[in-house]
Amino acid sequence: MVNELEFEKPLLELQKKIAELKEFTKNSDVDLSAEIEKLESRFKKLESDIYENMKPWDRVQIARHPSRPTTLDYIPLLFTDFFELHGDRCFGDDGAIVSGIAKYKGLPVTIIGQQRGRDTKENIRRNFGMPNPEGYRKALRLMKQADKFNRPIISFIDTKGAFPGKAAEERGISESIARNLFEMAGFRVPVICIVIGEGASGGALGIGVGNHIHVLENSWFSVIAPESAANILWKDASQGKRAADIMKITAPDLKKLGVIEEVIPEVKGGAHKDLNAQAQEIDKVLSNSLKELVGLSGEELIQQRYDKYRKIGVFTESNDFVEIK
């Protein structure tokens, strides 16, 4: 195992013991096969217990795993003939947003995706997956093109949030995100959003207004990151784990709340354990979404999108208080 997370450490320790016994048996005449078999049985049970009973914070940690697949990992496994397009025609190109045209099982589509790096050098080039205004304007340019030529839009969400720097503010980060929300609401083509990692704040919403929103089982989607919420609630960012437990930001919770359409199952231990198998799970959900949405008219797609967001969150009023459910 590589880059184990805190809750996975018992698995690593047991795996090491099994490896040591196997190595010892190989170099001696002592037969430890029975003991090895018992430990392997224990490992399988422990693995099942850990991954089937994960806490919200455990899922947050998996979503942040350095080896978690990115947009550029999934594109060649899901699409053919991908052609990347660059620039917002106003300021420049933003490496934190990947955009282009491709074919999905022969159907022309437009792909928009947030992209983080694999190492320090690439993370700097991609701004750690935190888009600047030009990233959202590039995405909007491509989405408008898709709307003009009747191509479904597929967005992959994976960001800690939009870049909060001074230069981003000067170039209008808030306006660029707000513009995307406004424009995406009125597109006459299917818009399918898939959260493949972290989906934080307006940075995620900037490419996240869709007819269908799907979230990988160990991804999260929220108005704010757990640490930031903890800093507001308790003036202590180290209470992120506590915040994650109460925020309802994980895929299973989002499904129960009606925020998303589907929870995309992950391979045991997280998507980074088997990229090809994970791509197949995404493919199933994406295929079903397109089958459902492609046949709808532009007016029907806009109405479906409107109805979807109107249903998120319910409140009741009385003379004394407003109760939000």
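Glu198 and Lys160 are joined through their side chains by a salt bridge, 3.4 Å from N to O; a salt bridge here is a side-chain nitrogen of Lys or Arg within 4 Å of a carboxyl oxygen of Asp or Glu. The model is predicted, so local features need pLDDT of at least 70 and side-chain atom pairs count only at pLDDT 80 or more, while totals for chains, interfaces and linings use all residues. Residues are numbered from 1 along each chain as its sequence is written, and side-chain values use heavy atoms, with hydrogens and water left out.

Glu198 sits in strand β5 and Lys160 in the loop between β4 and α7 (166–170), 38 residues apart. Glu198 counts as buried at 5% relative accessibility, whereas Lys160, at 49%, is partly exposed (buried is under 20% relative accessible area, exposed over 50%, partly exposed in between, with a 1.4 Å probe and protein chains only). Shared partners connect Arg64, Lys160, Glu198 and Glu227 into one network of salt bridges.

The whole structure holds 20 salt bridges. One of them pairs Asp93 with Lys138, with the closest N and O atoms 2.8 Å apart. Asp93 belongs to the loop between β1 (80–84) and β2 (97–104) and Lys138 to helix α6, so the bridge ties together parts that are 45 residues apart in sequence. Asp93 is partly exposed at 40%, but Lys138 is buried at 0%. In another bridge, Arg126 meets Glu122 at 3.4 Å between the closest N and O atoms, and both residues are buried.

Next come the nonpolar cores, sets of buried Ala, Val, Leu, Ile, Met, Phe, Trp, Tyr and Cys residues joined through side-chain atoms within 4.5 Å. The largest has 30 residues, and Ile112, Met143, Ile153, Phe187, Ile207 and Val215 touch the most other members. Helix α6 gives the most to this core, six residues. Leaving out residues up to four places away in sequence, Met143 touches Ile112, Ile153, Asn180, Met184 and Phe187 (contact means heavy atoms within 4.5 Å). A second, separate core of 24 residues includes Tyr104, Ile111, Ile192 and Ile194.

Conventions: Helices (H or I, at least four residues) and strands (E, at least two) are DSSP runs, numbered from the N terminus.
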